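Give the cut-off behind each term where the term comes up.

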Amino acid sequence: MRRRASLTPYHRAQHDAVTFDIKRQYGDAAEAALESLETDLALIFDPIRSSDFQTMAAAQQSVYCCMSETHELAKLKQVRLHHCIDVPAILPTALSGIRQLLNVGLMRRNIKFTTVIETDSQEFIHNYLLSEQVISFQVPIGMPQKMVEGPPVNRMVARPINITDVPEGTLHIGHLR
């Protein structure tokens, strides 16, 4: 069983002088923020390009297909890319590590998705999945743990994509060397 790290009121009570400013950036921008000393730590989902990045911890992350619990693909235990042909999809933007992994799988299998929206807004995606029979993609760290384990969460489910179709990615937490 994996434990998920969290910032709790206990941590704040014990370390009240520690503050956080959390920004969402893609890998290159996060690495540049470290190099300019604007940022102390970065959480980057593949790939790491800077030789100055020192990984403190890493975790493998499989890509999951997310959808409404009423979607046809929700019946499957595991999704293959060929199941997604002609299924309307919300894809992360091209800079996203998830999108880069999906693109590797799509090129290997010579498959194209029917992309209806490109966005990195998880809030938008979660709401849209409930209004139309579309699919989207996420890694476990970006989903509620119960959703990763299988049962519906807020009428949505996530099914792992077979790693022979889409490789796992690595989530790195690190700092400047």
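Which residue in E7 does Cys66 stand opposite? Cys66 stands opposite Ala158. The model is a predicted one, in which local features need pLDDT of at least 70 and side-chain atom pairs count only at pLDDT 80 or more, while totals for chains, interfaces and linings use all residues. Residues are numbered from 1 along each chain as its sequence is written, and side-chain values use heavy atoms, with hydrogens and water left out.

The facing residues belong to a pair of strands. Strand E3 covers residues 64-68 and pairs with E7 in the antiparallel sense, over five bridges. Two strands count as paired if DSSP finds at least two bridges between them. The element labels are DSSP runs numbered from the N terminus: helices (H or I) have at least four residues and strands (E) at least two. Strands of a sheet pair through backbone hydrogen bonds, either parallel or antiparallel. Strand E7 spans residues 156-160, and four of its five residues are buried, so E7 is largely enclosed by the rest of the structure. Buried means under 20% relative accessible area, exposed means over 50%, and partly exposed lies in between, with a 1.4 Å probe and protein chains only.

A separate set of strands forms an open sheet: three strands in the order E1-E8-E2, with antiparallel pairing. Its edge strands are E1 (42-45) and E2, each of which pairs on one side only. From one strand to the next the twist averages 25°; for such angles, axes are lines fitted to C-alpha atoms (for helices over the stretch in contact), and values run from 0 to 180 degrees between N-to-C directions. E1 pairs with strand E8 (residues 169-176) over four bridges, in the antiparallel sense. Within this pairing, Phe45 stands opposite Leu171 in E8. In a regular strand the side chains alternate between the two faces of the sheet.

Strand E2 (residues 53-61) contains Met56. Met56 is also part of a nonpolar surface patch of about 450 Å², together with Leu41, Leu43, Ile141 and Ile173. Patches are made of residues with over 30% relative accessible area and no salt bridge; like charges are joined within 9 Å, and nonpolar side chains (Val, Leu, Ile, Met, Phe, Trp, Tyr) within 5 Å. The accessible areas come from the Shrake-Rupley method with a 1.4 Å probe, and for residues only the protein chains shown count as cover.

Next come the aromatic contacts. A search of the whole structure finds two aromatic pairs. Rings of Phe, Tyr and Trp (its six-membered ring) pair if their centres lie within 6.5 Å; planes under 30 degrees apart count as stacked, over 60 as edge-to-face, and the rest as tilted. Phe113 and Phe137 have ring centres 5.3 Å apart and planes at 20°, so this pair is stacked. The pair links distant parts of the chain, 24 residues apart: Phe113 is in the loop between helix H3 (97-109) and strand E5 (114-118), and Phe137 is in strand E6 (residues 135-138). Phe124 is partly exposed at 37% relative accessibility, and Tyr128 is partly exposed at 23%.

Where do charged side chains meet? Side chains of opposite charge can pair when their charged atoms come close. The whole structure has four salt bridges, a salt bridge being a side-chain nitrogen of Lys or Arg within 4 Å of a carboxyl oxygen of Asp or Glu. One of them joins Asp165 and Arg80 at 2.8 Å, N to O. This pair links distant parts of the chain, 85 residues apart, with Asp165 in the loop between E7 and E8 and Arg80 in the loop between E3 and strand E4 (88-91). Asp165 is buried at 1% relative accessibility, whereas Arg80 is partly exposed at 27%. Asp165 also forms a salt bridge with Arg109, where the closest N and O atoms are 2.8 Å apart. Arg109 lies in helix H3, 56 residues from Asp165, and is partly exposed at 37% relative accessibility.
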